[in-house]
Every structure is written in structure tokens, then in C-alpha cells.
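Below are some notes on the helix packing and the nonpolar cores, as you asked. Please read them alongside the coordinates.

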Amino acid sequence: MAQIEEILLPDVGGEEVEIIEICVSTGENLEEEDAIITVETDKASMDIPAIFAGSIVELKVKVGDKVSQGAVICTMQKAGSEAAAPVVETAAPVVEVAPVVEAVVETVVETKTVQETQTVLVDVFVPDIGEDGEVDLIEVLVSIGDDVNAEDGLFTLETDKATMDVPAPFDGVIKELLVAEGAKVKTGTLVARMEQNIVISSSVAVVTPVKAAPVAATPAPVAKAVETPVSVATAVVVSGRKPHASPSVRRLAREFGVELELVSPTGVKNRIMQADIKAYVKQTLANASRAVAVAPATGSGFGFNLPTLKSVDFSKFGEIEIKELTKIQKISGPSLHRNWVGMPHVTQFDEADITELEKFRKDQNALAAKKKLDIKISPLIFILKAVAKALELHPTFNSSLSEDGGSIILKKYVNIAVAVDTPKGLMVPVIKDVNKKGIHELAADLAVISKKARDGKLKMTDMQGACFTISSLGGIGGTAFTPIINAPEVAILGVSKSEIKPKWNGTEFVPKLMLPLALSYDHRVIDGAEGARFSTTVSSMLSDLRLLVL
């Protein structure tokens, strides 16, 4: 008889995952371990395999569904459990003198839950490391056969900006190491394979024949029949083929405004790689530059091509030297260009009277020195507190524009990035939960993260999750500048060098220490009036520290 089982989603290391591909169709025959669906978590994409050989009876999910552990993804009929087709054996008619007594066969269906442990081999890739090119793998932290827990470090990578570990995406055993120390890797590189045990629960429908009470049959030719199985109605499901790509590749596609359906995949199992996205963008730009008239690109936000600069032989005019851009410049340059061209910048200029703030700051540092405390409060600490308070009072500044441009995402946390000048170039580490920390705690955090930046010891996690950026050039000089917004943030505050200026107090001019401020914001999200209010809030709080406690 037919044995139909429900196939449930196993534990894949996340509360809810997205189905990105249906690998089978209704009626298709599968071998054990053949993929049924592909799901995507924040860390990896993986196939959910068949736990036995059989055929698909009904698909219970579709591409784009969000499912969690225990959800039914399909029903399958085990191979070899099909009942034979009805066979009728005819015989010569038999005339019975007396009534013939037969037993009527009925069926009882029972459902039983069965749990099986399956071992699957899962590929481990380098996650998004915020770098377009290759980076150095400086240390292998595990060996083949090691048991590791989720988030344990597998490899250590080093960039010009930071060092970071490639974490294990789940609990498991290291089965293969595909790279060694000294290798060059990049986002999406296959570095290892891990064995994972998953527990699969399935519901089994058991059909049991039961004899009912005998009934009398009238004399007639007797035909012997073979019992036929209960038929199962199946719905035809047409599975949509969603592009197969890792979370980091999807993020890159969103940044470039690329529709994944248009990209030709080159990876295993038609997986789209980062190189495929870049090749598509390069080809699209090349085609556009050759076109006489170009229609607006989908998601680009503008429908024109920037004119290219003419090639100039500068050596004709005198001696020259070719100096290659630093790695940080090569990485940050395209990002800054994209942000500047893709967002309508507006810059609001203001200044804050920090005369009293500076006196208070110096008094506190003198007091800390007297107490032999290892704390030094810089003006930037008070700017951090003022900006954090302003972000709470003006939540639009603590947001990001959605991908479709139709809504904004308001953030309930306040993480502020601070641009730090280092020997390798400008780096932008992030200080977390600024609104929840006091002046001394922020001073300690800033000192630690600034030293890590100068020593080249920042990790990628130290530079992620910012809501707003402060770029302070006060220690270098200048009266004003226009900072470029760091997408997906919607605003940035530029701080220049403070200066003593004469200010009218109603009766006379008095010397005041004035701090120049330059607030750039995305005009798609923030209008001029809102920008002026935010700038005024920051200026007011720096001028009167008592406002920070309200």
C-alpha cells in the first residue's frame, strides 16, 4: 500500500528562513539526499534534502515563503510502497444453493510521527567582508575533524582596514579545509565543508485493513478482486525559479541596483557570484557608453551618462611620477562617487558657541589628572552626546531609505560612526549605543577604537551598524567643508576648527569660542526645514550642556 509522509523543515540554525528555490516539481522521482528546496539564512544558503527515495506528492511551499523549523515543505511517497493496479481474475460462474457469506474490508488510517537524524555536508563561504578585491588569509584556526560551535572562528582574514574571523555558520564537524595560510580569498570564496546533523520529523500515514461484520451475498458469479490503494489528490504546483545567490551577493546587487534575474550565473548549481554582478554592471556601462541615447536604468535614479574625461599625456609638460592609489582609496573612492551622484546632497552650515563647554571640558580633564584617572575628554565626546540626543528628537535622521524608495526604515538604536585619520588613510569605526553611555564611558570607547584604527587592528564588526557619521577636521584646520553622506545613512555632520569670534550680547561684543558645523543630508528623506531644526538642536546642546539632560 502507498506510504505518504510529510517532509518537515529541519533545524537550519535560524528561527525563520526564506525559500529561494524549489528544486523539484509534483510527481518528480527523487533519490535519497536529492535537494527538494533551497533556503537562505543570514549566514548561508543550503539545500534541504529528501530523507528517502520516492516521489513528490504535493508541494506545500513556494519561492519567497518564510518558514521555520518543523514546517511542512512537501509530502512524499516512498519508493516501493505503491500498491499494484487492480487485477480481476475471472472464473466460471458458480451457482450457490445457499447464500455466500463474505467479509467486507474497511481501512483505518493512523498518523505516526517519526524522527530521523540526517547528516548533511554544507559548504562554508567567506561572508561579506566589505571588500571588493582579495584579502589575505593569515591564520587557520581549526583542523579536519574538529567539532566546532556556531560562531567559532574558522579562519582569520586581514585587510588594510581590519582583521576578522570567518565564523562557523552552525554546530558541526570540519570535514574539508579548502584553503591554507597565505591564500588570497574574497567574499563568496569556498573555504571549507562542514558536516551537520539535522533532526527531521515526519508524519507517516499508516493504512490498516480491518474486517467488518459479515454480510450475505446473493447467488451470482463470484469475482476475486485485489484491493486497490486509496487515491491521493495532488495539486499541480508550478515552481518559480528565483535567482540562487548568497546574502552578500544579494546585498551587492541591491547596492548597484541590479536585478538578479538579468544576471548570468557561473557558480555551482547556477549560483550567482559577486564576479557575475560586477561583470553585468561592467557590460551594462560599456553598452550604455556606446549608445547615442540612453534610457534611465532601472533603480539607478538618473537617466544620463556622465561624460568621460579626455586622456591627457602629462609628460609632455614636464617630469611626472605615477603613484598608485592606496587600497583604502580604491575601495572608498567608488563608494563615495556612488553616494555623491546617487543622493541629492544638501548642506546646512551652522556654528555652536562652545565657550562654556570648553571650560567645563578642561576642568574635568584637570580633575581626572589630579585623581590620576586615565581619562581624557575631547570635544568630540560632547559632539557625540549632542548628536545622539538630536537623533532621538529627530528620528528621521536616524533612518535609511528603503530599496524601492517608497518608505524609510526608522532605527531604535543610536550607533554613531567617527572618521579617524590613520597612516593608512581615513577609517570610520562605529561607537555603539551612544545615547546610553556617559561622558567617561564614551571617552574610553573612543580612545580604544581610535587606537585600534591607527594600529590597523579594527575588525569588520567595528565598522558596521552605524546610523549617522561624524567627520571632525577640527584638529587639522579649515573653516567649513561639505561632507559626503555614507549610504545607507541619510546624514553626516562635518566639524571644523573652532575659532574665537566677537559676538554681540546685546550691549557689547564679547569673545566667544565658535565651532563650525556642516550638516549634509539626503534631500529625498529630509527637507530643508527639518535639516535646519536638527542643526539648531545640535548647536543649542553644545552651547548649553544642561539641555542634554532634558
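Contact here means heavy atoms within 4.5 Å. The model is predicted.

1. Leu542 and the main core. The largest nonpolar core has 71 residues, and Phe468 and Leu542 touch the most other members. Helix H5 supplies the largest share of this core, ten residues. Apart from neighbours within four places in sequence, Leu542 is in contact with Ala352, Asp353, Ile354, Leu357, Phe382, Ile383, Ala386, Leu515 and Leu517.

2. Second core. A separate core of 23 residues includes Val12, Val24, Ile51 and Ile73.

3. Geometry of H6. Helix H6 spans residues 439-454, 16 residues in total. The distance from its first C-alpha to its last is 22 Å, close to the 22 Å expected at 1.5 Å a residue. After H6 comes Gly456, with a positive phi near 70 degrees.

4. Buried face of H6. The buried residues of H6 are Leu442, Ala443, Leu446, Ile449, Ser450 and Ala453. They lie on the same side of H6 because they cover an arc of only 145 degrees around the axis. An α-helix has 3.6 residues a turn, so residues three or four places apart point the same way. The buried residues of H6 pack against helix H5 (379-393) and strands E24 (416-418), E25 (420-422), E26 (425-427) and E27 (430-431).

5. H5 against H6. The two helices H5 and H6 pack at an angle of about 115 degrees, their axes 10 Å apart. The crossing of H5 past H6 is right-handed. On the H5 side, Leu380, Ile381, Phe382 and Lys385 make the contact; on the H6 side, Ile439, Leu442, Ala443 and Leu446 do.

Terms used: Residues are numbered from 1 along each chain as its sequence is written. This is a predicted model: local features need pLDDT of at least 70, side-chain atom pairs count only at pLDDT 80 or more; totals for chains, interfaces and linings use all residues. Side-chain values use heavy atoms; hydrogens and water are left out. Helices (H or I, at least four residues) and strands (E, at least two) are DSSP runs, numbered from the N terminus. The expected span of a helix is 1.5 Å times one less than its number of residues. Buried means under 20% relative accessible area, exposed over 50%, partly exposed in between (1.4 Å probe, protein chains only). The arc is that of the directions from the helix axis to the C-beta atoms. A nonpolar core is a set of buried Ala, Val, Leu, Ile, Met, Phe, Trp, Tyr and Cys residues joined through side-chain atoms within 4.5 Å. Axes are lines fitted to C-alpha atoms, for helices over the stretch in contact, and angles run from 0 to 180 degrees between N-to-C directions. A crossing is left-handed if the near helix is turned anticlockwise from the far one by less than a right angle, and right-handed if clockwise.
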